[in-house]
Amino acid sequence: LATSGLIVFSYVIGRAGLLRERLNEWTPTVVVVLLWAFLFLVKDPALLPWINPFHRFPIVIFGISYIVFRCIQFVMDGEIFEEADLPTFFNYVLFFPTLMAGPIERAWHLIPQLRRERTRPDADTTYSAFALILLGLFKKLAIADRMVAFVDPVFANPGNYPTHTIWFAVIAYAFQIYCDFSGYTDMAIGC
């Protein structure tokens, strides 16, 4: 409920005026301060018990820092508001896969993709995707994970093995790393 309120608040303030044109120049600063204050209260409610009556029962909101940063970024990016309705904005803020891919995704880049018309995949596309996922699983489970059984003991005690075995372990480790990343990539592309 608190997360939904935060997202709606950010959306309404963002829509309320393309910030820099209809409202005064202090509005983005006030919004950012309010969002930071919300994050501060949620992260450590015991610091201000007179404001938060639930300070004895901490509320855990998973990903709240990420959500607040996404809302701040959206509020500061005034140019994309025309394209974003509330459901699209919820999808943008709660799209956690970008968390693993790197920095906060800019709204102008992600929102048009969320609003694009979806088409159902045909049989050939589904077959290709399934084949890529199976190929990725094979690379990961049958090759990369099996190389670990050979590589780890050699790297743990290289003095116990002859030189040619160590060189073979180095080559096997290269294949292990390649198949690990290549397998994950194939599975991600297939999905």
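**Entry 1: salt bridges**

I began with D186, which forms a salt bridge with K139; their closest N and O atoms are 2.8 Å apart. D186 sits in helix α8 and K139 in helix α7, so this pair ties together parts that lie 47 residues apart in sequence. I looked up the burial of both partners: D186 is buried, and K139 is buried as well. I note here that the model is a predicted one.

How many salt bridges does the structure hold? I find three. Side chains of opposite charge can pair when their charged atoms come close.

I then looked at K140. Its side chain meets that of D145 in a salt bridge, at 2.7 Å from N to O. K140 also takes part in a salt bridge with D180, where the closest N and O atoms are 3.1 Å apart. This second pair links distant parts of the chain, with D180 in helix α8 and K140 in helix α7, 40 residues apart. I therefore recorded K140, D145 and D180 as one network of salt bridges, since they are linked in that way.

D180 counts as buried because its relative accessibility is 18%, under the 20% cut-off. D145, at 28%, counts as partly exposed.

**Entry 2: T165**

I went on to T165, which lies in helix α8. T165 has a relative accessibility of 15% and therefore counts as buried. Which residues does T165 contact, leaving aside its neighbours within four places in sequence? I noted F150 and V154.

**Entry 3: nonpolar patch**

I next checked the surface for nonpolar patches. F155, W167, V170, Y173, I177 and F181 make a nonpolar surface patch of about 610 Å².

**Entry 4: α3 and α4**

I turned to helix α3 (residues 64-76) and helix α4 (residues 86-93). Their axes come within 9 Å and cross at roughly 130 degrees. That angle makes α3 oblique to α4. I listed the residues that make the contact: from α3 they are Y66, I67, R70, C71, Q73 and F74, and from α4 they are F89, Y92 and V93.

**Entry 5: the whole protein**

I finished with the overall values. The protein has eight helices and zero strands. Read from the N terminus on, the elements run α-α-α-α-α-α-α-α.

What share of the residues counts as buried? I have 32% of the 191 residues of the protein. The accessible surface comes to about 12,500 Å², and 68% of that belongs to carbon and sulfur atoms.

I also looked up how far apart in sequence the contacting residues are. Among contacts in the protein with a separation of 6 or more, 67% are accounted for by residues 24 or more positions apart.

Technical notes: Residues numbered from 1 in each chain as written. Predicted model: local features only at pLDDT ≥ 70, side-chain atom pairs only at ≥ 80, totals over all residues. Heavy atoms only, no water. Patch = residues over 30% accessible without salt bridge, like charges linked within 9 Å, V, L, I, M, F, W, Y side chains within 5 Å. Areas by Shrake-Rupley, 256 points an atom, 1.4 Å probe, with all protein chains shown as cover. Salt bridge = Lys/Arg side-chain N within 4 Å of Asp/Glu carboxyl O. Helix = DSSP H or I, 4+ residues; strand = E, 2+ residues; numbered from the N terminus. Buried < 20%, exposed > 50% of the residue type's maximum accessible area, 1.4 Å probe, protein only. Contact = heavy atoms within 4.5 Å. Axes fitted to C-alpha atoms, helices over the stretch in contact; angles between N-to-C directions. Parallel < 35°, antiparallel > 145°, perpendicular 65-115°, else oblique.
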